[in-house]
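I opened my notebook to look up a few things in a structure. Here is what I am working from.

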Amino acid sequence: MIFFPFEELTDRLKGQALNFVKKYEIISVQLSGAIRKSSRSVYAVFSGDIKGDKIWGVLVLSKTVLHCLPFAEKKRAEPLPPEQLAFTRDLTDFYRSEKLALPECVNGVESGTQLILQSLENLDAFPRVINRYIFMRLNVKSFLSLELQPFSNGESFVRCKKDLPEPLLQSLIELQKKYELEEVLPRGFEFNEDTSRLKLKAALRKQYILAIDDGNGNLISKAQTNAIGTKCAQIGGVFTLPEQRGKHYASRCILVLSKKILHARKLPVLYVKKENKAAQKLYKSLCFVPLTDYTICYF
């Protein structure tokens, strides 16, 4: 297979690649969002000569590898189907020939991630941590019948943007830190305060962050978009302080955020850890339904 730089595609092929990502965006929202920001490190995958050939996939080959490889979802077999075998072999060769830096993370649908991991194994790159998730999409028809329950203790929603007042910003920074330590930071990795703040600063500019104020200027729960495509928006960063759990704060945040996403004419999607049965129950109660398996690997 050929891995062709997105920036060097003809207008016709670039349009074809964009339509490909749009078609499969529901399973690759982060990839779609990344391409909307920049086409750097983006590659379209062709099975042979790109002239008149169809696109098989799209990849971002940077520190975080993102991918849209729907052909990988075909039933796995031993040996691998020819197109999957060709992909793993040729991706390995591409990393070698282009002297690409090995990734720190591979993020995407389980089937595509497994093919990429096989390619990286040929380069003696093995993940330190593999997190497995269920990817879910909103059942819009069922969701529209849900009603938001009012607060009863003076709480209120706060839309967190770059001009957030300093006291609330500091509260959000602390809330984000606790979320990353509990839900995001891979085992054996060290938390970096500066990196966390930089990521939050970027999210305040580019994403929709919704939090709940307890009535005393303290943010106690939040949810946000972490990727926005052309047709879908991915929800993430859902977190409630441990001492505030059991009060339905997270469900309120997700419900309101989902309504905002639908109002923007996009479909809400998200992923949840396979072992987190409580979160799965929460999302199902909000009319999210399982779509596919999802994996994030850290090296």
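Which residues is Ser221 in contact with, leaving aside its neighbours within four places in sequence? I am reading a predicted model here, and in it I found Leu175, Leu210, Ala211, Ile212, Phe239, Thr240, Tyr249, Ala250 and Cys253.

**Entry: Ser221.** I looked up where Ser221 sits, and the place is strand β9. Its relative accessibility is 0%, so I noted Ser221 as buried. I also checked its side chain, which makes a polar contact with the side chain of Thr240 at 2.8 Å.

**Entry: helix α6.** Leu175, one of the contacts of Ser221, is also among the buried residues of α6. What covers them? I found that the cover includes β7 (156-160), α7 (193-206), β8 (209-213), β9 (219-228) and β10 (232-240).

**Entry: cysteines.** How many disulfides does the structure hold? I counted zero. A disulfide is a covalent bond between the sulfur atoms of two cysteines. Cys232 is in no disulfide either, with the nearest cysteine sulfur, that of Cys68, 11 Å away. I looked up burial too: Cys160 is at 0% relative accessibility, so it counts as buried, and Cys232, at 3%, counts as buried.

Methods:
Residues numbered from 1 in each chain as written. Predicted model: local features only at pLDDT ≥ 70, side-chain atom pairs only at ≥ 80, totals over all residues. Heavy atoms only, no water. Buried < 20%, exposed > 50% of the residue type's maximum accessible area, 1.4 Å probe, protein only. Helix = DSSP H or I, 4+ residues; strand = E, 2+ residues; numbered from the N terminus. Contact = heavy atoms within 4.5 Å. Polar contact = N/O pair within 3.5 Å; in protein donor to acceptor, adjacent residues only side chain to side chain. Disulfide = S-S within 2.5 Å.
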